[in-house]
Amino acid sequence: MLNSNLDVLPENAFPRLAALIEGLTPAHAPIPLSLGEPGHPMPDFVGDILQAHQGDYSKYPPINGTAEFRAAAAGWLNRRFGLGPCPVDPEGGVLPLNGTREGLFSIAFIVTPPRKAGRQPAILMPNPFYQCYAGAAAAAGAEAVYLDAPAQTGFLPDLDKLTPELLERTALFYLCSPANPQGAVAGLDYLQRLIALAREYDFVVAFDECYSEIYLDTPPPGGLQAARMMAEKPGGMAEPFANLLVFNSLSKRSNLAGLRSGLIAGDPGLLAKFRQFRAYIGPTNPLPSDAVATAAWSDEAHVVANRALYHEKFAIAEEILAGHFDYYTPAGGFFLWLNVGDSEAAAKKLWQAGGVKVLPGKYLSRTQPDGSNPGEKYIRVALVGERDSIAEGLRRIRDVLSG
Ligand SMILES: Cc1ncc(COP(=O)(O)O)c(C=O)c1O
């Protein structure tokens, strides 16, 4: 009676954390550092725009979003990733999402055939990974293949380890850069190699770039940028964005997680299929939300201010944690990934002795058939809250776990 494809999915990370610390009384006032929900102010234009457009709540919004939204989203992608010679076309090259997560999930259904190379299709993802990828793979009837992304490979999957046997049956490859949780950023060479593999073995790459605007000094490169550079080389593809889709979001960039507004851009053929499929589901964005999103993608001042707040917190983290737990300041995103030896034991101890809630890395990673788990030794710490409470939380982490 039930869909047995879903049996491979374990309990989600947050209920597991709740169960781990259930019944333990924290010795200090709690400081939550487990959830990656941005806590910085949202742009000040949001309220006025919603008010000005409130009459539009009476209308069904189009699945394609408004022309203004598509122009703003394409304009941002073209500016941010220097797509000049082969820009994203607002008509056919970009669509709104009701939050990136919904699109990352839906895409698995569009690109997973019943069989590939005569076998069950595979969906590849980094390990640790954003949990939505695994749910999507299971629901779409694919085998989820977890590619370890440990410190030794720069916290990215090792593309050299992929065998032709696996690549031939690969339908989709999720790459998260900057990576949640490790903050690793894939360079242009890496991105280009992955796109080349996708074209050689005929699979799709879903570039999850929702942390792309939170970085220290150097803007992380993106999938469209890598593809644009490939298209300019002699013999480049007629369709510059063939086989790739990028996902981005206002949740982190603009602190608008509750707006549920993201974008998908890339291969126009794939986008047409995506649009057709999603019209059956109907996860449209209300017109007032599209108006806010249009303004947000058109403005960089609030993004610069947001980044500056993270810079302050990374400076604090560096000061408190340098030399402990293999601390490094991530190249992108807002998580710390700390090597504490035993992630579950550390999370429990931190809650009980320090009142600090962190996520065991083990819950964000899959245990491999050989029993190894690349998140086993790590905790994920989200620097999304207010500065002083983060500083206090990090001091407690250092003192409780070093003591
Ligand atoms: C790696 C990653 N991808 C996608 C998302 C989804 O973001 P949203 O649906 O809010 O756009 C998140 C949110 O935490 C994330 O961490």
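My strand and helix labels are DSSP runs numbered from the N terminus, with at least four residues for helices (H or I) and at least two for strands (E).

Before going on, I noted that this is a predicted model, where local features need pLDDT of at least 70 and side-chain atom pairs count only at pLDDT 80 or more, while totals for chains, interfaces and linings use all residues. Residues are numbered from 1 along each chain as its sequence is written, and side-chain values use heavy atoms, with hydrogens and water left out.

**Entry 1: the three-stranded sheet**

I looked up which strands sit together with E12, and found an open, antiparallel sheet of three strands in the order E9-E12-E11. E9 and E11 are the edge strands with a single partner each, so one side of each has no neighbour in the sheet. I counted strands as paired if DSSP finds at least two bridges between them. E11 (residues 359–360) pairs with E12 over two bridges, and five bridges join E9 (residues 335–339) to E12.

Is E12 mostly covered or mostly open? Mostly covered: five of the five residues in E12 (378–382) are buried, meaning under 20% relative accessible area with a 1.4 Å probe and protein chains only (exposed is over 50%, partly exposed in between). I checked both faces: Tyr 378, Arg 380 and Ala 382 are buried on one side, and Ile 379 and Val 381 on the other. As a reminder to myself, side chains in a regular strand alternate between the two faces of the sheet.

**Entry 2: H13 against H14**

Next I turned to helix H13 (residues 343–354) and helix H14 (residues 387–402), whose axes come within 10 Å and cross at roughly 110°. Axes here are lines fitted to C-alpha atoms, for helices over the stretch in contact, with angles from 0 to 180 degrees between N-to-C directions. The two helices are therefore roughly perpendicular, the class for 65 to 115 degrees (under 35 is roughly parallel, over 145 roughly antiparallel, the rest oblique).

H13 brings Ala 346, Lys 349, Leu 350, Ala 353 and Gly 354 to the contact, and H14 brings Arg 396, Ile 397, Val 400 and Leu 401. Contact means heavy atoms within 4.5 Å.

**Entry 3: the seven-stranded sheet**

I then followed an open, mixed sheet of seven strands in the order E2-E8-E7-E6-E5-E3-E4. E2 (94–97) and E4 (143–148) stand at the edges, and the twist averages 20° from one strand to the next. Inside this sheet, E5 and E6 (residues 204–208) run parallel, joined by five bridges, with Leu 172 opposite Val 204.

Helix H10 (residues 268–281) lies across E2, E6, E7 and E8, at about 35° to E2.

**Entry 4: Gln 182**

Where is Gln 182 placed? I found Gln 182 in the loop between strand E5 (170–176) and helix H7 (188–201). Gln 182 is buried, with a relative accessible area of 2%. Beyond its neighbours within four places in sequence, Gln 182 contacts Pro 128, Ala 149, Phe 155, Tyr 328, Pro 330 and Trp 337.
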